[in-house]
Amino acid sequence: MPVPPRPHLPRSLRSAAAPAALALALGAVLTGCGTSSGGDGKEITLYSADGLKAEDGGGFYGKVFKDFERGTGIKVKYVEGGSGEIVQRLARERSRTKADVVVTLPPFIQQADGKKLLDTYTPKGADKVADGDKDPAGKWTSIAGNYFCFICNSEKLKDTPPKTWKDLLDPKFKGRIQYSTPGVAGDGTAVLIKAMHDLGGKDPAMAYLKDLQRNNVGPSRSTGQLAPKVDKGELLVANGDVQMNFANMRSMPHQGIFFPAGDSGKPTTFALPYAAGLVKGAPHAENARKFLDFLLTEEVQRDVSAAGGGFAARTDVKADDPAARALAGLLRGVEVFRPDWADIDENLGSYVAAWKAATGS
């Protein structure tokens, strides 16, 4: 079971960007931008899936918000929720939109586009993002790379860490496993995606998850709520994602990141990037465009690993800080597959319904 070292991040990597670098980044962002389309021009509202903002207010978002406000005078109002929950809220508010920018995980960013909740905007720097990590029509762009994972309590299970899906059926895990709700949380939906890939399709995956229900505590709307329980030993296993669990390991050190293997015996995962889009009808659209540009500047992208525990979305940014090296080590030997996002977007409702029927959830 690969367990990352508890990284020591130099203060210089976690502090605010140097004034000169920040000025250059913001100068590029602000070039050609006009005034806000609404409000007083000094704010935006961000609806985001959890994971990029630390419990103490720091993390990747904590640094980005401070740097962005320092350079532009624009304050970021932050609203957090599960990936699916965020999209549902946008849909409810369609007639009176409150959010300017949305950040969520696949397949929910595609779902937001399908519901016509996103406007077209291609941020500066998006040409450096891989084609598979952005919408060809310009509705969304990945801002931080990430991968799906599970976590276990590395202290209580140091001698017998789980490695496979089959291991999780052991009676010793009864009442000590929990995963977030598919269809509501991005990482919960990822449980279905990985199980279907590893176990041979929808029917075998649902049969397995029915068996796993003997050990499962029950649904959780937020994946982020599970990590503290695993760290304390209240749970022994939960789902998560590499960025979120790696980033909070400094305050919750008893998290062993692993990637359950199927019948092949090989650990697998898939990319689960944080993707950002401009909300259709955004009340502060121009400010939102500035913020999206800022997220893809080289300076900000270089901070994704050190400040946020994730991977740069820009392919030309090669971070070499201690966290970036540890993250690369985590994925060594893990097979990364690519889900059929078009199929998942089209059939997610039926997959979630099948999961509910199998588990009685």
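Select R96 first, in the loop between α4 (83-92) and β3 (101-104); helices here are DSSP runs of H or I with at least four residues, strands are runs of E with at least two, and both are numbered from the N terminus. R96 has a relative accessibility of 68% and therefore counts as exposed, where exposed means over 50% relative accessible area, buried means under 20%, and partly exposed lies in between, with a 1.4 Å probe and protein chains only.

The model in the viewer is predicted: local features need pLDDT of at least 70, side-chain atom pairs count only at pLDDT 80 or more, and totals for chains, interfaces and linings use all residues. Residues are numbered from 1 along each chain as its sequence is written, and side-chain values use heavy atoms, with hydrogens and water left out.

Next, select P106 and P107. The peptide bond that joins P106 to P107 is cis, with omega near 0°. P107 belongs to the loop between β3 and α5 (108-114).

Then proceed to K116, in the loop between α5 and β4 (118-119). K116 is not a glycine, yet its phi is positive, at about 60°. Its relative accessible area is 60%, so K116 is exposed.

For a contrast in accessibility, select C149 and C152. C149 counts as buried because its relative accessibility is 1%, and C152 is buried at 0%. How many disulfides does the structure hold? The number is zero, a disulfide being a pair of cysteine sulfur atoms within 2.5 Å.

Now display helix α7 (residues 202-212) together with helix α13 (residues 341-359). Their axes cross at roughly 35° and come within 8 Å; axes are lines fitted to C-alpha atoms, for helices over the stretch in contact, and angles run from 0 to 180 degrees between N-to-C directions. The crossing is right-handed, that is, the near helix is turned clockwise from the far one by less than a right angle. On the α7 side, select K202, M206, L209 and K210; on the α13 side, select Y351, A354, W355, A358 and T359. Contact here means heavy atoms within 4.5 Å. The residues of this contact comprise six nonpolar, one polar and two charged.

Move on to helix α10 (residues 285-295), where nine of the 11 residues are buried, so the helix is largely enclosed by the rest of the structure. Among its buried residues are K290 and D293, as well as F291, L292, F294 and L295.

The last pair is helix α3 (residues 59-72) and helix α11 (residues 298-308), which pack at an angle of about 140° with their axes 8 Å apart. The two are therefore oblique to each other; angles under 35 degrees count as roughly parallel, over 145 as roughly antiparallel, 65 to 115 as roughly perpendicular, and the rest as oblique. α3 passes α11 in a right-handed crossing. To show the contact, select G59, F60, K63 and V64 in α3, and V300, D303, V304, A307 and G308 in α11.

Finally, display the whole protein. Its secondary structure amounts to 13 helices and 13 strands. Of its 361 residues, 56% are buried.

How values were computed. Nonpolar A, V, L, I, M, F, W, Y, C, P; charged D, E, K, R; others polar.
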